[in-house]
Amino acid sequence: MAIAVKLDDLLHDRRMTLTELADRIGITLANLSILKTGKARAIRFSTLDAICDVLACQPGDLLRFEPDEAEQERPRAAPRRSASR
């Protein structure tokens, strides 16, 4: 997947356990673990908001775009031009 989750790094920097974060944001440890390991397919904005609030971070501190090798080799579409001139 092209989006990497850096939750483990943030928790380490804040000296906080996954269990403590789960308790503070009101999400199950199992769901937070899925996010931490990068197995999550989506994240709700409310969850992202709660994590950023507790960890005092920005969404960009938590998520990073890492293109897959196949995506890097594929040519990107040209930007669309505006219909009005």
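Biologist: What should I know before I start?

Modeller: This is a predicted model: local features need pLDDT of at least 70, side-chain atom pairs count only at pLDDT 80 or more, and totals for chains, interfaces and linings use all residues. Residues are numbered from 1 along each chain as its sequence is written, and side-chain values use heavy atoms, with hydrogens and water left out.

Biologist: How many helices and strands does the chain have, and in what pattern?

Modeller: Helices (H or I, at least four residues) and strands (E, at least two) are DSSP runs, numbered from the N terminus. Here there are 6 helices and 2 strands. Along the sequence they run β-α-α-α-α-α-β-α.

Biologist: How do I read burial, and what share of the residues is buried?

Modeller: Buried means under 20% relative accessible area, exposed over 50%, and partly exposed in between (1.4 Å probe, protein chains only). The chain has 85 residues, and 26% of them are buried. Accessible areas come from the Shrake-Rupley method with a 1.4 Å probe; for residues, only the protein chains shown count as cover. The chain exposes about 6800 Å², with 48% of that from carbon and sulfur atoms.

Biologist: Take L11. Is it buried or exposed, and what does it touch?

Modeller: L11 sits in helix 1. Its relative accessible area is 4%, so it counts as buried. Contact means heavy atoms within 4.5 Å. Leaving out residues up to four places away in sequence, L11 touches M16, T17, L18, L21 and L55. L21 is 10 residues along the chain from L11, and their C-alpha atoms are 8.3 Å apart.

Biologist: What share of contacts joins residues at least 24 apart?

Modeller: Count contacts between residues at least 6 apart in sequence; 63% of these join residues at least 24 apart.

Biologist: Where is R64, and what does it touch?

Modeller: R64 belongs to strand 2 (residues 63–65). R64 counts as partly exposed because its relative accessibility is 36%. Beyond four places in sequence, R64 touches A2, I3, A4 and K6. A polar contact is a pair of N or O atoms within 3.5 Å; within protein, one must be able to donate a hydrogen and the other to accept it, and residues adjacent in sequence count only if both atoms are side-chain atoms. The R64 side chain makes one with the side chain of E66, at 2.6 Å.

Biologist: Which residues have a positive phi without being glycine?

Modeller: Most residues other than glycine have a negative phi. R15 and A56 each have a positive phi of about 50°. R15 lies in the loop between helix 1 (7–14) and helix 2 (18–25). A56 lies in the loop between helix 4 and helix 5 (59–62). R15 is exposed at 76%, and A56 is exposed at 66%.

Biologist: How do I read the largest pocket, and what lines it?

Modeller: On a 1 Å grid over the protein atoms alone, a pocket is an open set of points where a 1.4 Å probe fits, with protein on both sides within 12 Å along at least five of seven lines; lining residues have an atom within 4 Å of a point. I27, N31, I34, L35, A40, A42, I43, R44, S46 and T47 line it. Helix 3 gives the largest share, 3 residues.
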